[in-house]
Amino acid sequence: MLSKELVAASTVPLVLSVLAKGETYGYELIQRVRELSDGRIEWTEGMLYPVLHWMEREGMIESEWRKADGARRRRYYRLLNKGRKALRNEQQQWMTVHATLMNLWKTKPRLI
Amino acid sequence: MENETAFDLTSAIRQWRAHLAQWPNFESAALDELESHLWDCIRDLEGRGLSQEEAFTIAARRIGPAPVVAAEFAKINGHGVWIDRMLWFVIAWLCVSAFESFRSVLASGILFLLPFGTHVFVRLVPLIGAAVVLASLIRRNGFGARVLVNLSRRPFMLAGSFFLVQLVPEVLRYMGQLGLLRGTAFYEDWGLLAPFHGSAEIVGLALDAPVPQLFTSNLLSLTIWIIGPLLILILATRRLRLARQ
């Protein structure tokens, strides 16, 4: 399980990365993240929506209500150019942390 | 109803939604979205063989406790309430200005309409300007709305810019009175600042008083003019929010 801080920090890059593969709605987005992390990333699902709305307000993504099966509606989210830029930025930062940790841990594997 | 059980899913969901709606941080669109999520989750769990009641309980738990989710929404919507209030304030203010401009066009413009000089067009400028700004504010993603939303992220900047907009014509006029600016009467002739001028008259700004009185009485009437509508708007939005639930 991830710590609360790490969950908070990784939500935006995860959302951006999932949306980079194509538009989707909140529930499906959470399912994707759960599958891809083998169930190790568990969100309090309601918390995703404020993040999505904030990202929309920042112009990273846009949303649209669409008819789902029957009378129900779903709100679909799509990545915008600003979001793509933000994703590249996030990728660089996470890769920096990742590469540094890997370098450190490679040299002293027995300490883990 | 497909399966007749003691558990009524529709009413359970309605209750769940009403429970969330107690927190003022949820807009109705956000509630719609959470409800849509709940439905997806319930259908999913039912597909895996859970009963309706079990599916509902688990789905609601996954979404999270209402106060926690509400707190997250509050973080991003805290300004939202103020954006709403300020938006209505600005719209009201622009309406007054546009009306005043219109009135001044009627009052003086029409007299010159028969000779039909450029004068009339120049007087129409603030009216057209106000109409454009209004239209752009009312459209949800219009330019005006976006500027306002960006400004209201920093409440001080918003307050400051309003103050400046109110202040500029008064300063011009004041400088004209002191004779610091030769020919400042231009804006009165052109009617370019007629909206501001008009709103100043409506609020009862004392424009012809001597210097110290000018400052104090204007400050007083500006304060009343700003606080009054704000209070009304705060009360009105509370009302609206209650009515929506």
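1. The largest nonpolar core has 35 residues, and those with the most contacts inside it are Val15(A), Leu19(A), Leu38(B), Ile42(B) and Ala59(B). A nonpolar core here is a set of buried Ala, Val, Leu, Ile, Met, Phe, Trp, Tyr and Cys residues joined through C-beta atoms within 7 Å. A residue is buried if 20 or more other C-beta atoms lie within 10 Å of its own, exposed if 12 or fewer, and partly exposed in between, with C-beta atoms placed from the backbone. This is a predicted model: local features need pLDDT of at least 70, side-chain atom pairs count only at pLDDT 80 or more, and totals for chains, interfaces and linings use all residues. Residues are numbered from 1 along each chain as its sequence is written, while chains are lettered from A and ligands numbered from 1 in the order in which they are written.

2. At least two residues of this core come from each of α1 (4-20), α2 (26-36), α3 and β3 (73-79) of chain A, and from each of α2, α3 and α4 of chain B. Helices (H or I, at least four residues) and strands (E, at least two) are DSSP runs, numbered from the N terminus. α2(B) gives the largest share of the core, 6 residues.

3. Leaving aside residues up to four places away in sequence, Ala59(B) touches Leu38(B), Cys41(B), Ile42(B) and Leu45(B). Touching means that the C-beta atoms, placed from the backbone, lie within 7 Å.

4. The contact between the chains takes 14 residues from chain A and 17 residues from chain B. On the chain B side, α2 (28-47), α3 (52-63) and α4 (66-109) each supply at least two residues. The largest share, 8 residues, is from α2(B).

5. Chain A has 4 helices and 3 strands, in the sequence pattern α-β-α-α-β-β-α. Of its 112 residues, 24% count as buried. In helix α3 (residues 48-57) of chain A, the buried residues are Leu48(A), Tyr49(A), Pro50(A), Leu52(A), His53(A) and Met55(A). After α3(A) comes Gly59(A), with a positive phi near 85°.

6. The 3 strands of chain A form an open antiparallel sheet in the order β1-β3-β2. Strands pair if DSSP finds at least two bridges between them. β1 (24-25) and β2 (61-67) of chain A are at the edges with a single partner strand each, so one side of each has no neighbour in the sheet. Between β2(A) and β3(A) there are 7 bridges, and Lys67(A) stands opposite Arg73(A) in β3(A).

Terms used. Two residues are in contact if their C-beta atoms, placed from the backbone, lie within 7 Å.
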